[in-house]
Amino acid sequence: MLFERPIRVGDKVTVGQYTGVITKIRLRSTTLLDSDNMEVVLPNQAFVTDRFINWTLNNTVTRIKFVVNVDYEADLKLVRRLLLQAAEEAPKVMQDQKDFAPDIYLKGYHENALTHELVVHVPEIGDRTSTENFLYYRITELLTQHKIKLAFKQLDVNIQESEKAQALPNQAIQAG
């Protein structure tokens, strides 16, 4: 690990359930500072034998995906336009570079929804949370303004009475 340099002080990494910024690299352990400001000490073996993500090793650009389920009656061209509008309004979303421009994919027909995926890129790992927050609010706002319903799982229950069931209460009253 000391020779290959898959991590450096200042890198943002995910190892198992822990995500944070590397603050110290020692001979037998590495310390990372997580988002709760807790120092997590991990044995260096975790970086050699387990899979880990180094969010900032060669490039700080990261992709964010948003899954949006809309009602089957929604205008697909309008949904696409509104999702792209939200991405264009997001301050940290990369717009200029071809490989990182926002895009929309129709991902499938489901029982109750048409599933769209908005894919955007942000230049720094630290931009992810604020961008996600902005886009969730803005997408909801735009869809609501244009009366496009977000789809959610539903279960319709139909209750039918049989002739026997209808006769039972009448018989119980007569017997009483």
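Strands S3 (residues 29-34) and S4 (residues 39-43) run antiparallel and are joined by five bridges; strands and helices here are DSSP runs, of E with at least two residues and of H or I with at least four, numbered from the N terminus. Two strands count as paired if DSSP finds at least two bridges between them. This is a predicted model, where local features need pLDDT of at least 70, side-chain atom pairs count only at pLDDT 80 or more, and totals for chains, interfaces and linings use all residues. Numbering starts from 1 along each chain as its sequence is written, and side-chain values use heavy atoms, with hydrogens and water left out.

**Around S3**
- On the S4 side, leucine 33 has glutamate 39 as its bridge partner.
- Four residues sit between S3 and S4 in their hairpin, and asparagine 37 in the turn has a positive phi of about 65°.
- S2 (residues 18-25) also runs antiparallel to S3, again with five bridges, and a three-residue hairpin connects S2 and S3.
- Isoleucine 22 finds its bridge partner in leucine 32 of S3.
- S3 is largely enclosed by the rest of the structure, because five of its six residues are buried (under 20% relative accessible area, 1.4 Å probe, protein chains only).

**Helix H2**
- H2 (residues 76-89) spans 20 Å from first C-alpha to last, close to the expected 20 Å (1.5 Å times one less than its number of residues).
- Its buried residues include Leu78, Leu82 and Ala86.
- The buried residues of H2 pack against strands S6 (62-70), S7 (103-109) and S8 (114-122), plus helix H3 (128-145), with contact meaning heavy atoms within 4.5 Å.

Terms used
Buried means under 20% relative accessible area, exposed over 50%, partly exposed in between (1.4 Å probe, protein chains only).
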